[in-house]
Amino acid sequence: MNIRKFHRACIMPLLSLLLIFSCSREQEIIMSVKGKIPSDSMGITLAHEHILVDFIGADSTGYHRWNRQEVLSKVLPYLLEIKNMGVKTLVECTPAYLGRDPLLLRMLSEQSGIAILTNTGYYGAIGKKALPPHTWTESAEQLAGRWIDEWKNGIENTGIRPGFIKIAVQSDSLLDSIHEKIVRAAALTHLKTGLTINAHTESAAAARAELKILQNEGVSPRAFIWTHAQIAQLSDHIDLARQGVWVSYDNVTTDSAELKKYVYLLSEMKAHGLLDRVILSHDAGWYDVVNPAGVTFRPYTAIFTHLIPALKSHGFTDREISLLLMDNPRKAYTVRVRKK
Ligand SMILES: [Zn+2]
């Protein structure tokens, strides 16, 4: 075979295969407060944490309520602490009207070297007090329009784009019309943006109600994170994980009874072959705007100092731990439309 023929027969197909492979890898991104980054670079990820929360309510909250420099000096040491433990990415789950501050998050990301994700969406829990008035007057399509606009154009002229959708519903199995509307808006936003839906949901009944709405809109369970699943029963985790839902165990603390519960849940999910549907975090922090001096800041470290050693003593391998802290959050937060 002469060189030209060899080139045509072997090198060209190989090159096009490589091109196809690299293009499909290129599409795997997450959106951080500093812009797009390859999903591959996410590394060890804390999938549900908070930097700052303001529980005062949608009618009174705003950036005037805190001083960014003051928050930065309080929070930065906690981020540097986890950076030393190998954390590369932190998913910040505080939605708008509850203390979301994209500029503060970008400052912290720049100074800590940790990638941070922020979000779009509304928080309907805590008696709907974090919902702005237009939630009652607008349709699901209009709410989704606002969230899709944040994805396309950035949040409030900052140029910072959301990396996922955060919503929060009540615990009841029957969601009222406002909650239903918020979940529908999340579904519509997902289909247009590929952003994953992280839903604060305390009961399995509410998780099933959300999933039904999402599926009616044509969204795959794989686009849905059942946040705070640890509050519900293992049998429901197993059932929803089998359908493709991400099960989030996200309140790891140093408390020994709690740690036992996490080891039990994770061991059972492993025994059922469902470890690849689980994500882990602390739901920790945070700078509390309502009472900055009075509320203890919970560090983001219990997974590394307590849970991982406990899991290892129960036979978990390094591979399984990196599945929980790297592979799963990467897959969960990669921006991709997932249709039913
Ligand atoms: Zn949270």
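Student: Which strands does helix H11 (residues 318-333) lie across, and at about what angle does it run to S12?

Tutor: Keep in mind that this is a predicted model. Helix H11 lies across S8, S9, S10, S11 and S12, and it runs at about 110° to S12. Those strands belong to an open sheet of 6 strands, ordered S7-S8-S9-S10-S11-S12, with parallel pairing. Strand S7 (119-120) and strand S12 (278-280) are the edge strands; each has a single partner strand, so one side of each has no neighbour in the sheet.

Let's start from the S12 end. Strand S11 (residues 246-249) runs parallel to S12, and 3 bridges join the two. Within that pairing, Ser 248 sits opposite Ile 279 of S12. On its other flank, S11 pairs with S10, again in the parallel sense, over 2 bridges. There, Trp 226 stands opposite Val 247 in S11.

Now for the side chains of S11. In a regular strand, side chains alternate between the two faces of the sheet. In S11, Trp 246 and Ser 248 point one way while Val 247 and Tyr 249 point the other way, and all are buried.

Helix H7 (residues 204-216) lies across strand S8 (164-168), strand S9 (197-200) and strand S10 (224-227), and runs at about 165° to S10. The residues being covered are Leu 234, Asp 236, His 237, Ile 238, Leu 240 and Ala 241. After H8 comes Gly 244, with a positive phi near 110°.

Arg 330 is one of the residues in contact with Ser 39, once neighbours within four places in sequence are set aside; the others are Glu 28, Ile 29, Ile 30 and Thr 334. Ser 39 itself lies in the loop between strand S2 (35-38) and strand S3 (44-49). Its relative accessibility is 0%, so Ser 39 counts as buried.

Two of those contacts, Ile 29 and Ile 30, take us to strand S1 (residues 29-32). Ile 29 and Met 31 point one way from S1, Ile 30 and Ser 32 point the other way, and all are buried. S1 pairs with S2 in the antiparallel sense over 4 bridges, and Met 31 has Lys 36 as its bridge partner in S2. The hairpin that joins S1 to S2 goes through 2 residues.

One more packing detail, this time between helices. Two packed helices are described by the angle between their axes and the distance between the axes. For helix H5 (residues 140-153) and helix H6 (residues 177-193), the angle is about 45° and the axes are 8 Å apart. That angle makes H5 oblique to H6, and the crossing is right-handed. Among the residues making the contact are Leu 143, Trp 147 and Trp 151 of H5, along with Ile 182, Arg 184 and Leu 188 of H6. By type, the residues of this contact divide into 10 nonpolar, 2 polar and 4 charged.

Terms used:
Residues are numbered from 1 along each chain as its sequence is written. This is a predicted model: local features need pLDDT of at least 70, side-chain atom pairs count only at pLDDT 80 or more; totals for chains, interfaces and linings use all residues. Side-chain values use heavy atoms; hydrogens and water are left out. Two strands pair if DSSP finds at least two bridges between them. Contact means heavy atoms within 4.5 Å. Axes are lines fitted to C-alpha atoms, for helices over the stretch in contact, and angles run from 0 to 180 degrees between N-to-C directions. Buried means under 20% relative accessible area, exposed over 50%, partly exposed in between (1.4 Å probe, protein chains only). Angles under 35 degrees count as roughly parallel, over 145 as roughly antiparallel, 65 to 115 as roughly perpendicular and the rest as oblique. A crossing is left-handed if the near helix is turned anticlockwise from the far one by less than a right angle, and right-handed if clockwise. Ala, Val, Leu, Ile, Met, Phe, Trp, Tyr, Cys and Pro count as nonpolar, Asp, Glu, Lys and Arg as charged, and the others, Gly among them, as polar.
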